[in-house]
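Please look over the points below alongside the sequence and the coordinates.

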Amino acid sequence: MRGLVVAAPASGSGKTTVVLGLLRALRRRGVAVRGAKSGPDYIDPRFHEAACGVPCVNLDAWAMGAGRLRALASGDGLLVVEGAMGLFDGAPPEGRGSTAEVARVLGLPVVLVVDAGRMGQSVGPLVAGFARHDPGVRVAGVILNRVGSERHRRMLERAVGAVGLPVLGALPREAELAHPSRHLGLVQAEERPDLGAFLDRVASFVEQHVDLDGIQILAMEGLGGTGPLVPPPAQRIALARDAAFAFAYPHLLADWRAAGAEIAVFSPLADEEVPEADLGILPGGYPELHAGRLAGADRFMTSLRSAAERMDIYGECGGYMVLGEALVDAEGRAHRMAGLLGLETSFAKRRLHLGYRRVEALGGPFPGCWAAHEFHYATTLKAEGEPLFRAWDAEGVELPPMGLRRGGVAGSFAHLIDRADGLDAGAGLGDGA
């Protein structure tokens with residue numbers, strides 16, 4: 001297995017464009033290539049999969065131990081890992097879970113994407129600082145982005161060359177390759193009708209301006225190791241999956257299937273009934289964008305309420321909101337939800353809730369301790385019932401309990417990433433096996 005990490009000094013430097021272009025361009029060359037995303041992101045991985053035709057995994061150094069990271073990264077073909085934020089940015093206070101930690105654990109070289117649009121010779125000391133900051137992280141090359149002219153490119157390349165690092169590409173400014181976003185990040189891959197054509201344009205752009213041979217030569221280091229599996233929460237699982245419920249981690253589903261669990265997928269937006277199972281799961285997504293349609297999905301809602309009488313039901317973030325009594329959309333319109341939990345949420349007055357969480361179950365289908373993250377703009381108008389999780393933030397500060405449970409129905413805003421049993425609150429989750 002060969003691989004590299006594409007990182008940057010800061011968000012917005014162009015990592016996603018570079019990674020999508022590399023994945024698509026290498027695939028067009030006939031190279032077996034696959035993508036991975038550092039951190040808990042749900043959206044970029046679907047673009048990776050569309051670019052190269054291979055499932056994309058999340059590599060989360062805050063929530064996962066070294067064994068899990070190596071197991072997920074191992075496999076056939078060239079692995080291209082897209083970083084998150086800046087290379088050394090992570091959870092406070094030490095930056096735990098950063099892209100640098102992923103590169104360090106996996107022993108992969110880093111290609112640094114630098115937004116040089118407003119920079120000249122200063123790119124040299126910037127790159128030098130990142131290259132020398134951590135001896136355990138090998139910055140092996142640079143891709144310059146938003147280069148203004150040939151003269152600008154030569155100036156930048158001389159400055160980087162003086163540091164002793166190769167310039168593997170210089171991308172000119174190209175506004176047409178930007179793609180739209182919304183409050184949780186990029187629009188989902190399946191929401192772009194022009195996705196294939198867009199990825200082909202990005203690939204051609206990268207082919208023209210990046211040294212693909214140099215990229216392949218750089219990605220020559222082997223990986224190995226195995227990691228622990230998360231056992232399935234039930235033998236038969238009914239999983240909601242569509243544009244409103246798209247955020248389920250592939251590594252957890254793979255664990256459950258590997259352990260023999262049966263996963264039946266259904267679409268609430270298509271008004272499909274909940275399949276017969278031992279556990280129904282409503283993952284996160286964008287239910288607020290489809291609240292009226294969900295409220296009118298009578299077959300789905302009726303079957304969900306009926307299923308709750310004979311099997312466990314679990315909702316995560318967006319799925320949690322749908323299990324509640326009402327969801328108020330951004331225009332202030334209230335939509336009736338399933339009414340299985342004493343919960344009312346609203347997007348009329350948005351407030352960002354963001355950060356890693358360590359949670360300990362007080363009940364529900366996911367016992368024990370978990371590494372998780374929270375990312376939503378919903379405000380809670382009402383929450384009545386027994387709490388589901390005790391919770392701590394990334395620094396180990398105890399938070400108010402998260403989630404609700406009522407009989408066999410449970411849910412919370414926490415997205416579960418991996419097991420964290422045996423670790424104290426605030427412990428270095430990424431240091432375990």
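**Notes on strands, crossovers and one buried methionine**

1. Val147 is positioned opposite Pro172 of strand 7. The chain reaches strand 7 from strand 6 by way of helix 6 (residues 150-161), and this β-α-β crossover is right-handed. Strand 6 and strand 7 (residues 167-172) run parallel and are joined by four bridges. Please read this and what follows as a description of a predicted model.

2. Strand 6 also pairs with strand 5 (residues 110-115): the two run parallel, with six bridges between them. Within this pair, Leu112 faces Val142 of strand 6.

3. A separate point concerns an open sheet of six strands, ordered 11-10-12-13-23-22 and with mixed pairing. Strand 11 (262-266) and strand 22 (404-406) are its edge strands, each pairing on one side only. On average, neighbouring strands of this sheet are turned by 15 degrees against each other, direction ignored. As background, strands of a sheet pair through backbone hydrogen bonds, in either a parallel or an antiparallel manner.

4. Within that order, strand 13 (residues 312-316) and strand 23 (residues 409-412) run parallel and are connected by four bridges. Tyr314 has Ala410 of strand 23 as its bridge partner.

5. Which strands does helix 9 lie across? Helix 9 (residues 250-258) lies across strand 10 (236-240), strand 11 and strand 12 (279-282). Its direction makes an angle of about 135 degrees with strand 11.

6. Is Met321 buried or exposed? The relative accessible area of Met321 is 3%, under the 20% cut-off, so Met321 counts as buried.

7. What surrounds Met321, apart from its neighbours within four places in sequence? Its contacts are Pro287, Leu327, Met337, Leu343, Thr345, Phe347, Ala378 and Phe413. Ala338 lies 17 residues from Met321 along the chain, and the C-alpha atoms of these two residues are separated by 9.1 Å.

Conventions
Residues are numbered from 1 along each chain as its sequence is written. This is a predicted model: local features need pLDDT of at least 70, side-chain atom pairs count only at pLDDT 80 or more; totals for chains, interfaces and linings use all residues. Side-chain values use heavy atoms; hydrogens and water are left out. Two strands pair if DSSP finds at least two bridges between them. Axes are lines fitted to C-alpha atoms, for helices over the stretch in contact, and angles run from 0 to 180 degrees between N-to-C directions. Contact means heavy atoms within 4.5 Å. A crossover is right-handed if, with the strands pointing away from the viewer, the path from the first strand over the helix to the second runs clockwise. Buried means under 20% relative accessible area, exposed over 50%, partly exposed in between (1.4 Å probe, protein chains only).
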